[in-house]
Amino acid sequence: MRWPMKQKVLGLLLVSALMAGILPISVTAAVKCQIQPTSAVLDLARSTTLQLSARLSGAVPNDLIWKSGNTSIATVNSNGLVTAKKAGRVKIGVGVKVSGKISWSLCQLTVRRSSFKPTSIVLSHNRASLLVGETLNVSATIKPANAAQNVIWQTSNRKVATVSPDGLITAKKVGTCRIRATSTARPKLRKYLILKVTDGIAPTKIRLSAPRTSLKIGEQMSLTPAITPENASNKLVWTSSNTRVVTVSAGGVITAKKVGTAKIRARSASKPKVYGTIEIRVLNPDAVDSIRVEADDFYLDKGTYRQLSATLSPARSSAPVSWKSDKPTIASVTTTGKVTGLNPGSAIITATAGGKSDTVLVTVLTDERSANLPVRYVSNAGIIPSNSKKIQEIFTSALNELECCVARSKLSASERALRKEFLQRGFIMYDMAWAPSKDVQYWSRSTSYIGGRIYIGMPYTQYKRNYNLSKWLSNVSHTMSNGYYKVTMPGVSYPGNDCSSFVSICQFGMNTSNSYLNTTTLYSTAVYKTVINGFSSLMPGDILVKKGHTAMFLYYVTPDRIMVLEQGGGSEPNTISCNIKTISGTYRPQGYRVRRKADLPSA
């Protein structure tokens with residue numbers, strides 16, 4: 001059968017697009033196949049393969065055709081088994097060829113590598129005792145559950161015991177060794193099993209231990225025997241004094257059956273007169289294991305409230321929950337968990353049930369802000385602590401302003417965290433005292449930093465402008481003395497920042513393409529957005545910029561006067577400083593714009 005030229009062209013385009021990684025829309029045919037699933041996520045931290053399938057309809061087709069849109073991200077074999085190579089997005093297609101046409105069905109696959117790092121390893125056994133020739137399977141569980149689960153097994157002494165890649169231990173020789181499980185994703189994370197290998201010598205003493213001595217009905221727990229001497233036989237006979245209360249398996253696993261108390265005994269099989277006992281108490285299943293307040297630490301405005309709740313474990317527990325505030329004059333709490341802010345400060349709210357408790361911290365906000373300005377330099381080291389206290393009061397006021405913005409729904413908690421980073425970077429560079437070892441000419445050459453005078457905040461320069469505190473200290477010779485740095489700076493080209501690099505580093509940190517933007521760029525760059533009606537909606541971390549100068553907003557002192565953090569310039573030697581300026585007298589008439597990082601939710 002001859003194909004019309006138009007059909008030939010369409011077929012060629014379909015194949016070309018497939019091989020280029022752009023899979024086409026399905027072609028209608030009598031025989032159809034439907035890929036399953038049509039979208040999937042494959043986490044490289046947990047697996048590198050994914051099995052896809054195809055559901056067929058219509059007449060029996062020829063062999064299925066499997067294709068990957070980008071084999072550098074993932075490949076697929078003729079049976080639909082996908083093997084991921086690297087993170088990315090790729091289309092996997094399956095098709096059937098009918099009458100010269102291919103009908104395609106597509107799966108959108110996202111390959112990612114989980115950022116969750118292992119935090120702990122839990123072994124199925126922490127201690128074990130084997131006779132020569134015996135084996136034991138040990139398993140390892142990585143927490144959290146969404147972290148990579150692979151471990152490497154190793155033995156400290158292959159003559160005593162070996163361990164296979166999947167955790168099978170084989171006892172070889174009498175002695176003691178450690179079996180180690182190491183996370184492949186985090187090699188410094190390890191967990192050990194202490195193994196004793198014996199030859200059947202009768203024990204002289206047996207001692208039983210357990211993670212806890214009480215269980216609830218239906219719970220199970222493994223008991224751990226400590227046998228003396230270490231090379232004695234670990235063959236034990238387990239019994240319970242009351243099997244209606246607690247039963248015990250041949251391997252020392254106990255099961256709680258009924259409220260009451262029972263003694264569990266482990267007797268040596270080779271020497272029955274040697275045994276160990278432990279008493280186990282079985283509790284009502286409704287007893288409270290734990291209580292959790294369903295809230296993180298939070299903030300309230302004075303006169304506002306928040307309703308708290310608490311979750312008991314197990315969920316079937318019906319114990320009553322009581323609430324208490326350690327500072328009821330700051331924040332009160334009702335018997336039902338309603339917290340009301342009364343006066344500025346912090347209070348701990350405690351929820352208690354069944355002898356268990358949990359707490360949450362509430363901070364009642366204040367609109368009071370510090371207007372006490374620190375100085376640019378001091379005459380002696382004794383003044384440094386009081387000046388630093390003023391700086392910290394301003395920093396705390398700026399953080400309080402952030403919390404007020406969150407409490408009043410102007411900011412999200414995640415954006416608050418980002419803006420807090422802006423402030424922290426700035427105040428780290430600000431709250432430092434230093435004195436040049438000798439006079440250092442200022443960039444304008446009209447004056448100098450005076451040797452021995454103690455300046456507050458990193459110096460201003462127009463020659464080098466890419467320094468945070470740690471980098472500045474690494475580029476000057478310095479010693480610490482009486483609360484300030486004695487530094488030797490290299491003449492007029494000393495390291496430091498100007499106003500725009502200081503603000504840029506506060507916003508972006510070091511070593512990004514946006515870390516040292518000048519004011520002309522700050523005024524118009526798309527990495528910031530101009531805030532409409534910005535002077536009436538300033539929030540901590542916003543910047544005020546004109547071509548020639550910029551400053552970072554901290555908070556309102558009055559509706560027109562604002563506290564800013566900035567790097568000074570001019571002819572007088574300057575450093576970083578806090579200043580109070582007016583919107584109407586300084587920023588609005590001089591053409592300043594209010595700008596905000598474009599990637600912030602409120603931008």
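## A buried glutamate and its partner

In this predicted model, Glu-403 has a relative accessible area of 10% and is buried. The side chain of Glu-403 meets that of Arg-416 in a salt bridge, with a distance of 2.6 Å from N to O. Because Arg-416 belongs to helix 3, which covers residues 413-430, while Glu-403 belongs to helix 2, which covers residues 384-407, the pair ties together parts that are 13 residues apart in sequence. Arg-416, for its part, is partly exposed, its relative accessible area being 21%, a value that falls outside the buried class because that class is limited to residues under 20%.

The structure holds 15 salt bridges, and one of them is formed by Lys-216 and Asp-289, with their closest N and O atoms 2.7 Å apart. This pair, too, connects distant parts of the chain, with Lys-216 in strand 20 (residues 214-216) and Asp-289 in the loop between strand 27 (275-283) and strand 28 (290-293), 73 residues apart.

## A buried lysine without a salt bridge

Lys-196, which has its place in strand 18 (residues 190-198), is buried and yet has no salt bridge. The nearest side chain of opposite charge is that of Glu-230, at a distance of 6.0 Å, and this pair does not qualify because a salt bridge requires the nitrogen and the carboxyl oxygen to lie within 4 Å.

What does the side chain of Lys-196 reach at 3.2 Å? At that distance it reaches the backbone oxygen of Ile-227. When residues up to four places away in sequence are not counted, the residues that Lys-196 touches include Ala-128, Ser-129 and Leu-130, as well as Gly-175 and Thr-176, and both Ile-227 and Glu-230 are among them.

Key: Residues are numbered from 1 along each chain as its sequence is written. This is a predicted model: local features need pLDDT of at least 70, side-chain atom pairs count only at pLDDT 80 or more; totals for chains, interfaces and linings use all residues. Side-chain values use heavy atoms; hydrogens and water are left out. Helices (H or I, at least four residues) and strands (E, at least two) are DSSP runs, numbered from the N terminus. Buried means under 20% relative accessible area, exposed over 50%, partly exposed in between (1.4 Å probe, protein chains only). Lys and Arg count as positive and Asp and Glu as negative; His and the chain ends are not counted. A polar contact is a pair of N or O atoms within 3.5 Å; within protein, one must be able to donate a hydrogen and the other to accept it, and residues adjacent in sequence count only if both atoms are side-chain atoms. Contact means heavy atoms within 4.5 Å.
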